[in-house]
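Open the model in your viewer and keep the selection tool at hand. This tour goes stop by stop, with something to select at each one.

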Amino acid sequence: MHIVDISKMGITELKKYLKENDISADVIRIQLVGKMCKDSSFILTFDGKDENDNLEEVEDIIFLVNKHISEKYGKLKILAPSENGLDGFSVVAEKKPKSCCSTGKCKSCSNCSSCCKKN
């Protein structure tokens, strides 16, 4: 099972970023940092493996993802700045779990009421 999708360009840019910033880590964790109204937010961090992780090695870089996150979100696609048009890397999940907006239960979400309104 693949847990990470990153293009050749993406891995090249990631290695360049690590080198330019004197980061010697070769283990990168993809971590869920929050759920917003219609999507989830992930970050790349440096960490060690634990028993609850899935791992995948891509060109000498080991990517870690918590097993629960892998089950819920599927494969995580890492996009480099040249691919996403942003100033940094981004992560997009294969699966989009239902949010309060998709279930129509916006009243239960303290921060979703404005995005759930239909235009």
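In which strand does Leu55 lie? Select Leu55 and look: the strand is β4. Keep in mind that this is a predicted model.

**Stop 1: Leu55**

Stay on Leu55. Its relative accessible area is 43%, so it counts as partly exposed. Leu55 and Ile3 sit 52 residues apart in sequence, yet their C-alpha atoms are 7.3 Å apart. Show the contacts of Leu55 beyond four places in sequence: Ile3, Lys49, Ile62, Phe63 and Leu64.

**Stop 2: the whole chain**

Zoom out and colour by secondary structure. Trace them from the N terminus: the order is β-α-β-β-β-β-α-β-α-β-α-α. Colour by burial next. Of the 119 residues in the chain, 33% are buried.

**Stop 3**

Select β4, residues 53-58, together with β5. The two strands pair in the antiparallel sense, over six bridges. Pick out Glu56: its bridge partner in β5 is Phe63. Now bring in β2. β2 and β5 run parallel, joined by three bridges. Ile28 has Phe63 as its bridge partner in β5.

**Stop 4: the hairpin turn**

Go to the turn of the hairpin that β4 and β5 form. Two residues lie between the strands. Glu59, in the turn, has a positive phi of about 45°. Move on to Asp60, in the loop between β4 and β5. Asp60 is not a glycine, but its phi is positive too, at about 70°. Most residues other than glycine have a negative phi. Is Asp60 buried or exposed? Its relative accessibility is 58%, so it counts as exposed.

**Stop 5: Asp22**

Jump to the loop between α1 and β2, where Asp22 lies. Asp22 is another non-glycine residue with a positive phi, near 50°. Asp22 has a relative accessible area of 73%, so it is exposed.

**Stop 6: the largest nonpolar core**

Show side chains for the largest nonpolar core, which has 19 residues. Which of its residues touch the most other members? They are Val4, Ile6, Leu14, Ile30, Phe42, Phe63 and Leu76. Several elements each supply at least two residues of this core: β1 (4-6), α1, β2 (27-35), β5 (61-66), α2 (67-73), β6 (76-79) and β7 (90-93).

Centre on Leu14. Beyond four places in sequence, Leu14 is in contact with Ile6, Ile28, Ile61, Phe63 and Phe89.

**Stop 7: Phe89**

Follow that last contact. Phe89 lies in the loop between α3 (81-84) and β7. Its relative accessible area is 24%, so Phe89 is partly exposed. Phe89 and Leu14 are 75 residues apart along the chain, with 8.3 Å between their C-alpha atoms. Display the residues that Phe89 touches beyond four places in sequence: Gly10, Glu13, Leu14, Tyr17, Leu44, Ile78, Leu79, Ala80, Pro81 and Asn84.

**Stop 8: the largest pocket**

Turn on a pocket surface. Rolling a probe the size of a water molecule over the atoms shows where empty space is left. How much space lies in the largest pocket? About 230 Å³. Thirteen residues line this pocket, and the closest to its centre are Leu14, Tyr17, Leu44, Gly88 and Phe89. Two elements give two or more residues to the lining: α1 (8-20) and β3 (40-46). α1 gives the most, with six residues. Colour the lining by residue type: eight are nonpolar, one is polar and four are charged.

**Stop 9: Lys72**

Finish in helix α2, at Lys72. Its relative accessibility is 33%, so Lys72 counts as partly exposed. Last, show the contacts of Lys72 beyond four places in sequence: Lys35, Lys95 and Pro97.

Definitions and conventions. Residues are numbered from 1 along each chain as its sequence is written. This is a predicted model: local features need pLDDT of at least 70, side-chain atom pairs count only at pLDDT 80 or more; totals for chains, interfaces and linings use all residues. Side-chain values use heavy atoms; hydrogens and water are left out. On a 1 Å grid over the protein atoms alone, a cavity is a set of points where a 1.4 Å probe fits but cannot get out, and a pocket is an open set with protein on both sides within 12 Å along at least five of seven lines; lining residues have an atom within 4 Å of a point. Grid points are joined across faces, edges and corners, and a volume is the space filled by probe spheres set on the points. Helices (H or I, at least four residues) and strands (E, at least two) are DSSP runs, numbered from the N terminus. Ala, Val, Leu, Ile, Met, Phe, Trp, Tyr, Cys and Pro count as nonpolar, Asp, Glu, Lys and Arg as charged, and the others, Gly among them, as polar. A nonpolar core is a set of buried Ala, Val, Leu, Ile, Met, Phe, Trp, Tyr and Cys residues joined through side-chain atoms within 4.5 Å. Buried means under 20% relative accessible area, exposed over 50%, partly exposed in between (1.4 Å probe, protein chains only). Contact means heavy atoms within 4.5 Å. Two strands pair if DSSP finds at least two bridges between them.
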